[in-house]
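Student: I would like a close look at one part of this model, the place where the ligand sits. Please take me through the pocket and what lines it.

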Amino acid sequence: MTGLINALDQFGWATMDGCLNENEGLRLSLECENACLNGQFRKAGVGRGASLAVNEAIRRDHVLWLVPGEASQEQQLYLDKLEGLRLALNQRFFLGLFEFEGHYAIYPEGAFYKAHLDRHAGTRERVMTVILYLNSNWQPGDGGELKLWTNNGDKTGAFVLIEPRMGTLVCFLAGDFWHEVLPAHKKRMSITGWFRERSAQTG
Ligand code: OGA
Ligand code: MN
């Protein structure tokens, strides 16, 4: 975790392999697949509030929001790790991160998410994006890499491609780093979420 925090300090983004072990990760991926089979997922929207709408030209993933206070055992294990990360981030950067909101995401074959920032226009609540990938046996050629432009605020220059392998965690400053999900050639699963600041309205 120290390595992750140091990299965030230096670059504003970081990845960590093996955030969960294979067994813990598999349990989450099974829960994700089962919830999908049970029809609990919805097409993801773009925007927020009244302007939230499905737009398949921009994103084609399906999501299931995690419900605060109703975490399954397998979710809780991951949430406990995130809590450790949240506290460490606050201690190091005085970010005032207050809570986590997140969802399972499934990208069916062919799905993508075009270049975007994660902070909604005119809001500050989403400070840090945190994504855990849940694809065991992911192979080069399966697609669905996260393309992350590594110059703060820039979506033209240098970028990295992050493979969505089981147990890989990626973090970046939600308002600063442009990113996109390249077309998945195979079903692609993750838990995507955000550490938030307390919002001005509800604070
Ligand atoms: C998102 C997103 C990236 C990924 O859901 O906002 O950018 O790699 N996800 O799943
Ligand atoms: Mn995003």
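Tutor: By class, 16 nonpolar, 9 polar and 8 charged residues make up the lining of the largest pocket. The model is a predicted one. That lining comes to 33 residues, and those nearest the centre of the pocket are Gly45, Arg59, Tyr113, Arg126 and Trp194. The volume of the largest pocket is about 560 Å³. Strands β2 (42-43), β3 (62-65), β4 (99-107), β5, β6, β10 and β11 each contribute at least two residues to its lining.

Ligand 1 sits in this largest pocket. In the shell around ligand 1, the elements that give two or more residues are β5 (113-116), β6 (126-133), β10 (179-181) and β11 (188-196). Of these, β11 gives the most, with 3 residues. The shell around the ligand has 13 residues, and the closest are His116, Asp118, Tyr133, His179 and Arg188. Sorted by class, the shell holds 7 nonpolar, 3 polar and 3 charged residues.

Terms used
Residues are numbered from 1 along each chain as its sequence is written. Chains are lettered from A and ligands numbered from 1 in the order in which they are written. This is a predicted model: local features need pLDDT of at least 70, side-chain atom pairs count only at pLDDT 80 or more; totals for chains, interfaces and linings use all residues. Side-chain values use heavy atoms; hydrogens and water are left out. A residue is near a molecule or strand if one of its heavy atoms lies within 4 Å of it. On a 1 Å grid over the protein atoms alone, a cavity is a set of points where a 1.4 Å probe fits but cannot get out, and a pocket is an open set with protein on both sides within 12 Å along at least five of seven lines; lining residues have an atom within 4 Å of a point. A molecule sits in a cavity or pocket if more than half of its atoms lie within 2 Å of its grid points. Helices (H or I, at least four residues) and strands (E, at least two) are DSSP runs, numbered from the N terminus. Ala, Val, Leu, Ile, Met, Phe, Trp, Tyr, Cys and Pro count as nonpolar, Asp, Glu, Lys and Arg as charged, and the others, Gly among them, as polar. Grid points are joined across faces, edges and corners, and a volume is the space filled by probe spheres set on the points.
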